[in-house]
Structure formats: structure tokens, C-alpha cells
Amino acid sequence: HVPDTVGRLTALTCLDLSHNDLTEVCPVLEPLRFLKELQLKGNMLTSLRNIGSMCPNLHLLDVSNNLIASVDGIQHCPALASLNLRNNKLDDWHQVSLIADEGSPQLCDLWLAGNPFTGRITNSESYYR
């Protein structure tokens, strides 16, 4: 659980909530409109739903080592340049297609290693730049 007081820190540009056993992207993030870097690695997240509406100005999002099976929500992060999805539950290329077709036009770095579908490709293909 993220305390509501975090939402009152409206000038934050970087926030690290890694390793907190979070199960969802917290609504308390919604007032953080200047947030550019968000670290959520090592939690228990299963979805990124609402991430774009809560944090539309994100440049970097690290959600590695979670339980994410869908990238739905990323398409609402137009400024996103770096996305780390390593070691999640993405099981097919369709999720990567969603990022490419509906995702951020600014995306430069995409990490995918350790997802179920990456076992079917070579290691060098699991990091994109």
C-alpha cells in the first residue's frame, strides 16, 4: 500500500516504489502530473491499466519482475521513451504489437527478456533499441 501522502508531493519527477508487494498501479499517483520516471520493479503487478491516464508524462517506466500479462494502458503514455518489461508473464508477440501499433512514438528502449514468449527467440532479440 502506498500512503496517500505520496499523492500530495505533486512536484515529484522521479518515484521508486520497487519491492513493495503492490498489486495494482496506485490511484494515489494520479496527482503526480510531473512524474517522468517511475520504478515499480519487483512488485506483484498484473496489469498496467490506467497507467497512462494517471501518469501521462512518463519517460521511463520499469515494471520488471512483476506478473504482467498485458501491456494495455501503455498506449496512453505518449512521452514514454524507456520501458522495462523483463521477467513478467507476456506470452506472445501480440503484446509487443500493441506497443508498436498503439504505444508511445517516443519509445527508444524496450526490454523483454524473461517473458514466456522470449524463450522462443534468441537472447539478442529480447532487448530492443
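1. Phenylalanine 117 counts as buried at 1% relative accessibility, where buried means under 20% relative accessible area, exposed over 50% and partly exposed in between (1.4 Å probe, protein chains only). The model is a predicted one, in which local features need pLDDT of at least 70 and side-chain atom pairs count only at pLDDT 80 or more, while totals for chains, interfaces and linings use all residues. Residues are numbered from 1 along each chain as its sequence is written, and side-chain values use heavy atoms, with hydrogens and water left out.

2. The count of aromatic pairs comes to one, a pair being rings of Phe, Tyr and Trp (its six-membered ring) with centres within 6.5 Å, stacked if the planes are under 30 degrees apart, edge-to-face if over 60 and tilted for the rest. The rings of tryptophan 93 and phenylalanine 117 have centres 5.0 Å apart and planes at 65 degrees, so they are edge-to-face. Tryptophan 93 is partly exposed, with a relative accessible area of 37%.

3. Threonine 118, in the loop between β5 and β6 (127–128), is buried at a relative accessible area of 10%. A polar atom of its side chain lies 2.7 Å from the backbone oxygen of asparagine 115, and the backbone nitrogen of glycine 114 lies 3.3 Å from a polar atom of the threonine 118 side chain.

4. In helix α2 (residues 94–102), Gln95, Val96 and Ile99 are buried; helices are DSSP runs (H or I, at least four residues), as are strands (E, at least two), numbered from the N terminus. On the other side of α2, Ala100 and Asp101 are exposed.

Methods
A polar contact is a pair of N or O atoms within 3.5 Å; within protein, one must be able to donate a hydrogen and the other to accept it, and residues adjacent in sequence count only if both atoms are side-chain atoms.
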